[in-house]
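Dear colleague,

Please find below the structure that I am handing over to you.

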Amino acid sequence: MLLVLTGNFPDALVSLVDQYSLPNSAKEGAYFPKSLDSYDIERKCDYFIYFHMHWHLKFFISWIRYDEFPKVWLRFEDFKENNQAYFDQITSILGIERINVEASVSKDILSDDIISKIRVNRGIKGRGRKILNARQLELIKKMIELAGVPYEYRNYLLTGNV
Amino acid sequence: MIQKFNNKLTSGILLASQPQSASTYTVDKLSQRENIRIENIARDLDPYGVVEQDLDVKKLEVALALNNNSSFVAK
């Protein structure tokens with residue numbers, strides 16, 4: 001069984017920026033710019049769009065094309081909306097006992113401290129589109145098109161909406 | 001969840017995860033079930049820092065061998 005966990009790209013990218021902006025983020029040993037921490041938010045987002053987006057896109061396309069095993073697509077947006085329902089869906093698919101999880105892990109109800117410890121996307125849905133500027137969103141859109149992502153997936157990758 | 005790998009029948013859940021998609025949380029929760037183990041089969045981080053989700057086939061083979069006839073979730 002292949003479970004594919006996805007999320008819209010703007011939210012994921014901004015979350016990635018969040019993660020690597022944490023003081024304890026594991027950047028050592030990787031060829032990140034030494035001055036990455038000094039980049040402003042726009043420049044950081046540019047960096048991850050240019051150097052990480054293509055990687056996300058290639059994985060996404062590989063999952064679309066893979067048809068060897070049964071595959072189930074799961075959306076991070078559903079997880080944020082109702083993570084108990086999200087896990088109920090998974091356990092139902094796998095035929096295993098129900099897993100009780102905490103209430104929604106959205107930033108609305110959990111402290112930043114707790115959220116940073118559980119290392120989840122701290123933003124609410126649509127945060128990426130609010131933080132990225134029009135040029136960056138257009139660039140992501142162009143990359144999705146150039147990568148040849150099938151049309152039916154494009155709006156989801158850009159907005160999180162299906 | 002009987003799947004075929006290298007012409008052998010084995011059990012497993014492969015979690016293919018986009019970065020920042022709550023995969024760590026999901027795996028941790030799934031592993032709370034007594035009969036589900038976690039096997040990390042991703043390649044070690046390379047200097048470019050862009051292969052966290054890339055699979056290491058050797059790690060997968062080890063995971064399959066260690067978990068023969070038992071369930072595991074591979075991330």
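Which pattern does chain A follow when read along the sequence? In this predicted model, the pattern of chain A is β-α-α-β-α-α-α-α-α-α, which comes to eight helices and two strands. Of the 162 residues in chain A, 27% are buried. Where contacts in chain A join residues at least 6 apart in sequence, 71% of them are between residues at least 24 apart.

I turn next to the nonpolar cores. The largest one has 18 residues, and Leu3(A), Leu5(A), Leu74(A) and Leu15(B) have the most contacts inside it. Two or more residues each are given to this core by β1 (2-6), α3 (76-81) and α4 (83-94) of chain A and by β3 (13-17) and α1 (23-30) of chain B. The element that gives the most is β3(B), with four residues. Apart from this core lies another, of 13 residues, which includes Phe9(A), Phe48(A), Ile49(A) and Leu132(A).

As for Leu74(A), its contacts beyond the neighbours within four places in sequence are Leu3(A), Val4(A), Leu5(A), Thr6(A), Tyr86(A) and Ile90(A).

Finally, two residues in chain B deserve a mention for their backbone angles. Gln20(B), although not a glycine, has a positive phi of about 65°, and Ala22(B), also a residue other than glycine, has a positive phi near 65°. Gln20(B) is placed in the loop between β3 and α1 of chain B, and that loop also holds Ala22(B). Gln20(B) counts as buried because 26 other C-beta atoms lie within 10 Å; Ala22(B) is likewise buried, with 25.

With kind regards

Key: Residues numbered from 1 in each chain as written. Chains lettered and ligands numbered in written order. Predicted model: local features only at pLDDT ≥ 70, side-chain atom pairs only at ≥ 80, totals over all residues. Core = buried A, V, L, I, M, F, W, Y, C linked by C-beta atoms within 7 Å. Buried ≥ 20, exposed ≤ 12 C-beta atoms within 10 Å, placed from the backbone. Contact = placed C-beta atoms within 7 Å.
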